[in-house]
Amino acid sequence: PRASGSGSSSMSSRTIIPVQHMKKMTGSNDDSSDNSPVLLQKTHEGSYLQLVLNLDVLVMCEGSTVVSKLGRIFAEALDQQLTRMVGVIGQSDRSGELQCPAVFHFQPPSFSHPITLLYPHRRHNGSVIEDRCLEEHRRELHQQFLLPQNRPVLRKDQSLFAKKEKEVYLTNTHIGLKSSGAVGVVSMVQGTYSYHHYMQDRFNDDGWGCAYRSLQTLWSWFRHQGYTSQRAPTHREIQQVLVDVDGKPAKFVGSKQWIGSIEVQVVLNQLLEIDSRILFVSSGSEMPSHSREIAEHFKRHGSPVMIGGGVLAHTILGIDFNELTGDVKYLILDPHYTGGEDLKTIQNKGWCGWKGPGFWEPRAHYNMCMPLRPAMI
């Protein structure tokens, strides 16, 4: 059950409960019991602060709990949360501004139950406290809950009831595919990604936009993993970045010119501050010799890999490599698909599927952009 004082309703429709938090101003005397009672009165000017706090509690109870007991359970949870809020309000940031708390519920991947956290959310002057200002606080929470120290789990945008844009793209299109048949060790993308391909967003990039779409897929992985809340950049926005920082001519913006793995690396670094490794392969026939490097990338970083060669770009989602036999298969997400968001068609027609070494053009050279997972929370 969940009781909330927040939501989409207007402030006038909410129930506002007046609560006074009194602070003891006088000292104490442990020996006062042996003395006659003395009343001292001091008159001075003071001030008070009036805030509207959104209480939002989420409690867990046994399925056999009778409804008549829920009121008391919620009341105790609200009392505890209000006490914790007073503690947050009593703290001030470096500028001396009081901090107004907000409630966030999370369920980390390794947890079987949700947790509720209070973050300083707004200063008394109304300005929002950004996520980057809470990194040290989150680091302490990661240690407390034994969470990874190199990836975000408890950012505000990752909370259970955070307002998020509706996902209009298919995600994790590889789920449900048959095994590759290489019978080796499978190393794959870790987490969620969105499938970006030709003709999406009512934009015709058929014949030239495959690397742009692969970049958008890589970007989506960082968004789904909580490293950013920004949507993937459009083709024009990508081109503008390359004009601004990579020396492309101004006429490049709005053109239908291709980009490659180097440009993908530049955009990720410029907009997300993500570093990438570029792996050069002199010919498609040499791709199997780099199987261990690709497998290591997925084990260590888990991000999709953009690969460009000749006039085509693809996204590598995983690799199945048998070190004894040398057999290898690559899980490929193909951005050249022009149809609708039909998972059955995408899988049955091979737009997302396992490919052998023959998929790569033997005489073409390839460059892979392998984004590195940043060590941040």
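Which residue stands opposite Leu331 in S9? Gly318 does.

## Basis of the model

This is a predicted model, in which local features need pLDDT of at least 70 and side-chain atom pairs count only at pLDDT 80 or more, while totals for chains, interfaces and linings use all residues. Residues are numbered from 1 along each chain as its sequence is written, and side-chain values use heavy atoms, with hydrogens and water left out.

Strand S8 (residues 312–321) pairs with S9 in the antiparallel sense over 6 bridges. Strands are DSSP runs of E with at least two residues, helices are runs of H or I with at least four, and both are numbered from the N terminus. Two strands pair if DSSP finds at least two bridges between them. The hairpin of S8 and S9 has 6 residues between the strands, and Gly326 takes a positive phi near 85° there.

S9 also pairs with strand S10 (residues 352–355), again antiparallel, over 4 bridges. Cys352 in S10 is the bridge partner of Leu333. Of the 6 residues of S9, 5 are buried (under 20% relative accessible area; exposed is over 50% and partly exposed lies in between, with a 1.4 Å probe and protein chains only).

## His336

His336 is placed in the loop between strand S9 (328–333) and helix H7 (343–348). His336 has 15% relative accessibility and counts as buried. The side chains of His336 and Asp334 make a polar contact at 2.5 Å. Such a contact is a pair of N or O atoms within 3.5 Å; within protein, one must be able to donate a hydrogen and the other to accept it, and residues adjacent in sequence count only if both atoms are side-chain atoms.

Leaving aside residues up to four places away in sequence, His336 touches Tyr198, Cys210, Leu312, Ala313, His314 and Trp351 (contact means heavy atoms within 4.5 Å).

## Salt bridges

The structure holds 10 salt bridges, each a side-chain nitrogen of Lys or Arg within 4 Å of a carboxyl oxygen of Asp or Glu. One of them joins the side chains of Arg139 and Glu135 at 3.0 Å, N to O. Both residues lie in helix H2 (residues 135–144), 4 residues apart, about one turn of the helix. Arg139 is partly exposed at 22%, and Glu135 is partly exposed at 27%.

Arg213 forms a salt bridge with Asp201, with the closest N and O atoms 3.1 Å apart. Arg213 is in helix H3 (residues 210–224) and Asp201 in the loop between strand S5 (185–188) and H3, so this pair ties together parts 12 residues apart in sequence. Asp205 also bridges to Arg213, at 2.6 Å between the closest N and O atoms. Asp205 and Arg213 are both buried, whereas Asp201 is partly exposed at 45%. Shared partners join Asp201, Asp205 and Arg213 into one network.

## Aromatic pairs

There are 13 aromatic pairs in the structure. Rings of Phe, Tyr and Trp (its six-membered ring) pair if their centres lie within 6.5 Å; planes under 30 degrees apart count as stacked, over 60 as edge-to-face and the rest as tilted. The rings of Phe104 and Tyr119 have centres 5.7 Å apart and planes at 40°, so this pair is tilted. Both Phe104 and Tyr119 are buried. For Phe222 and Tyr227 the centres are 5.8 Å apart and the planes at 70°, so that pair is edge-to-face.

Ring pairs also link Tyr330, Phe359, Trp360 and Tyr366 into a cluster.
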